[in-house]
Amino acid sequence: GNDGSSQLTSNLISLENSPFSKIKVTFSFYAIAMEHSDDLCLDYVLDNGAITGERCWSSLHAFENSRWYDDKSLEFAASNAQSLWIRFRVKGDDSEDDVLLDSVTIQ
């Protein structure tokens, strides 16, 4: 990552007229050179910041380097929300902390 911090942010996703009361983000990832103090985080913002949240997976407890992890997910309430954006973040301490992302789905 860039000085230990990298991010990938979606465009604004319209939820107007959406019948869903919950949103589920599912993805696959592969970690490279992440130390025990490094995290992979998924942030979400509904309605331009009216509701925000995050989930972080710690390299100490949740995953190992050099291995694909499929079907990681985060589910959150989204009743009556009109918009959404998501961001994947690497919280690391040097430029060697990298995560490859694949198969991101939003349901």
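Colleague: Which residues form a nonpolar patch on the surface, and what makes them a patch?

Modeller: This is a predicted model, in which local features need pLDDT of at least 70 and side-chain atom pairs count only at pLDDT 80 or more, while totals for chains, interfaces and linings use all residues. Residues are numbered from 1 along each chain as its sequence is written, and side-chain values use heavy atoms, with hydrogens and water left out. The patch consists of Ile32, Trp68 and Leu100, with about 270 Å² of accessible area together. Such areas come from the Shrake-Rupley method with a 1.4 Å probe, and for residues only the protein chains shown count as cover. Nonpolar side chains (Val, Leu, Ile, Met, Phe, Trp, Tyr) are joined within 5 Å, and like charges within 9 Å.

Colleague: Why is Leu100 called partly exposed?

Modeller: Buried means under 20% relative accessible area, exposed means over 50%, and partly exposed lies in between (1.4 Å probe, protein chains only). Leu100 has 41% relative accessibility, and therefore counts as partly exposed. Leu100 belongs to strand β8, residues 98-106; strands (E, at least two residues) and helices (H or I, at least four) are DSSP runs, numbered from the N terminus.

Colleague: How do you know that strands β4 and β5 pair?

Modeller: Two strands pair if DSSP finds at least two bridges between them. Strand β4 (residues 39-46) and strand β5 (residues 51-58) have eight bridges, in the antiparallel sense. Leu42 stands opposite Arg55 in β5. The hairpin of these strands has four residues between them, and Asp47 there takes a positive phi near 50 degrees.

Colleague: How many aromatic pairs are there, and what makes the pair of Tyr30 and Trp68 tilted?

Modeller: The structure holds eight aromatic pairs. Rings of Phe, Tyr and Trp (its six-membered ring) pair if their centres lie within 6.5 Å; planes under 30 degrees apart count as stacked, over 60 as edge-to-face and the rest as tilted. Tyr30 and Trp68 are 5.5 Å apart, centre to centre, with 50 degrees between the planes, and form a tilted pair. Tyr30 lies in strand β3 (residues 22-32) and Trp68 in strand β6 (residues 68-77), so the pair ties together parts 38 residues apart in sequence. Trp68, at a relative accessible area of 42%, is partly exposed.

Colleague: Why is the pair of Tyr44 and Phe76 called stacked?

Modeller: The planes of Tyr44 and Phe76 are 5 degrees apart, and the centres 3.6 Å, which makes the pair stacked. Tyr44 lies in β4 and Phe76 in β6, so this pair joins parts 32 residues apart in sequence. Both residues are buried.

Colleague: What makes a nonpolar core, and how many residues has the largest?

Modeller: A nonpolar core is a set of buried Ala, Val, Leu, Ile, Met, Phe, Trp, Tyr and Cys residues joined through side-chain atoms within 4.5 Å. The largest has 23 residues, and Phe29, Leu42 and Phe76 are among those with the most contacts inside it. Strands β3, β4, β6 and β7 each supply at least two of its residues. The largest share, five residues, comes from β3.

Conventions: Patch = residues over 30% accessible without salt bridge, like charges linked within 9 Å, V, L, I, M, F, W, Y side chains within 5 Å. Salt bridge = Lys/Arg side-chain N within 4 Å of Asp/Glu carboxyl O.
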